[in-house]
Amino acid sequence: MRCCLYLVLVCVAALFPSGLCQDSCRVSDGKPGEKGSPGWDGLPGPKGEKGEPYLLGGIGKVGGLKGDQGSKGEPGEIGMKGYAGHEGPKGPPGLPGQKGSNSGSSGIPQDKQAAFSVTRTKEDPPTNDRPLGFDTSLVNINADFSLDAGKFNCKIPGVYYFVFHAMSSQNICVRLRSDQLADSLNFCDYNSRRNKQALSGGTVLQLSAGQKVWLEPFKGHHDKTSAAKSKDRFFVFSGFLISPTA
């Protein structure tokens with residue numbers, strides 16, 4: 001049966017040449033088939049090259065424009081106080097400090113102070129035109145005043161104040177002398193009633209180191225008996241540094 005059908009098809013094909021069937025033998029297009037299901041995802045492609053950075057304004061800064069500053073936030077709550085730590089071990093004692101100067105209650109070091117106050121109460125008469133000696137020292141810081149010589153020796157250059165007081169029942173003449181003075185400062189008081197009287201005098205001097213200051217009794221022009229020979233007399237001589245100089 002299959003053989004007979006095949007022979008028939010061959011015969012028909014032989015009777016109709018291929019050129020004759022191009023137009024008359026065309027059949028109509030078939031309908032599109034149903035949409036197939038989507039295929040599997042493909043493999044990922046290779047990573048691309050890194051791009052060039054963006055230059056802001058051509059000055060080499062990378063990135064976009066700077067944003068506006070935000071508003072200040074509210075302060076946070078105060079945290080709880082932490083626990084106190086344990087006391088550490090006691091450290092070694094430090095090195096002893098330098099010994100401070102003896103400044104006393106004035107706050108000025110003793111080697112920068114200068115002051116004296118001396119008296120003469122002995123009855124032997126002093127010698128005129130010679131430094132007046134003293135026998136009692138009330139104040140004599142750093143031993144700047146020599147009682148026997150009767151002179152103050154300046155050790156700290158500066159401005160000093162000197163003052164003396166003398167008491168006698170006769171005439172009194174005393175001069176204040178110093179290496180710093182070209183002439184002495186003379187003070188006299190004449191007593192006609194022979195009552196006890198006082199004589200005072202003082203001055204301010206700027207002294208250099210090594211200069212001296214002292215008192216000298218002398219006989220005045222109207223003095224016939226000389227105060228230096230009087231046994232009824234008393235002398236006080238004082239001085240102190242006002243301001244040291246550099």
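This is a predicted model: local features need pLDDT of at least 70, side-chain atom pairs count only at pLDDT 80 or more; totals for chains, interfaces and linings use all residues.
Residues are numbered from 1 along each chain as its sequence is written, and side-chain values use heavy atoms, with hydrogens and water left out.

Strands here are DSSP runs of E with at least two residues, and helices are runs of H or I with at least four residues, both numbered from the N terminus. Two strands are said to pair if DSSP finds at least two bridges between them. Met167 stands opposite Phe234 in S12.

A further open sheet of five strands, again with antiparallel pairing, has the order S5-S6-S11-S8-S9. Its edge strands are S5 (145-146) and S9, each pairing on one side only. S5 and strand S6 (residues 151-153) pair in the antiparallel sense over two bridges, and Phe145 stands opposite Phe152 in S6. At the other end of the strand order, S8 pairs with strand S9 (residues 185-189) in the antiparallel sense over five bridges. Cys173 stands opposite Cys188 in S9, and a hairpin of six residues joins S8 to S9. S8 also runs antiparallel to S11, with five bridges between them; Ser178 stands opposite Val213 in S11. Six of the seven residues of S8 are buried, so this strand is largely enclosed by the rest of the structure. Buried means under 20% relative accessible area, exposed means over 50%, and partly exposed lies in between (1.4 Å probe, protein chains only).

The loop between S8 and S9 contains Leu181, which counts as partly exposed at 23% relative accessibility. Not counting residues up to four places away in sequence, Leu181 touches Leu176 and Leu205, where contact means heavy atoms within 4.5 Å. Leu181 and Gln206 are 25 residues apart in sequence and 9.9 Å apart in space, C-alpha to C-alpha.

Glu216 sits in strand S11 (residues 212-217) and is buried, with a relative accessible area of 5%. Its side chain makes a polar contact of 3.1 Å with that of Trp214. A polar contact is a pair of N or O atoms within 3.5 Å; within protein, one must be able to donate a hydrogen and the other to accept it, and residues adjacent in sequence count only if both atoms are side-chain atoms. Leaving aside neighbours within four places in sequence, Glu216 is in contact with Asp129, Arg130, Pro131, Cys173, Val174, Arg175 and Arg177.

In soluble globular proteins, nonpolar side chains tend to be buried together. A nonpolar core is a set of buried Ala, Val, Leu, Ile, Met, Phe, Trp, Tyr and Cys residues joined through side-chain atoms within 4.5 Å. The largest one here has 25 residues, of which Phe134, Phe152, Tyr160, Phe162, Leu207, Leu215 and Phe237 touch the most other members. The elements giving two or more residues to this core are strand S3 (115-120), S7, strand S8 (172-178), S10, S11 and S12. S7 gives the most, with four residues. Beyond four places in sequence, Tyr160 has contacts that include Phe152, Leu207 and Phe240.

The structure holds 13 aromatic pairs. Rings of Phe, Tyr and Trp (its six-membered ring) pair if their centres lie within 6.5 Å; planes under 30 degrees apart count as stacked, over 60 as edge-to-face and the rest as tilted. Phe116 and Phe162 form a tilted pair, at 6.2 Å centre to centre and 40° between the planes. This pair links distant parts of the chain, with Phe116 in strand S3 and Phe162 in strand S7, 46 residues apart. Phe116 counts as buried at 4% relative accessibility, and Phe162 counts as buried at 0%. Phe116, Phe134, Phe145, Phe152, Tyr160, Phe162 and Phe237 form one aromatic cluster.
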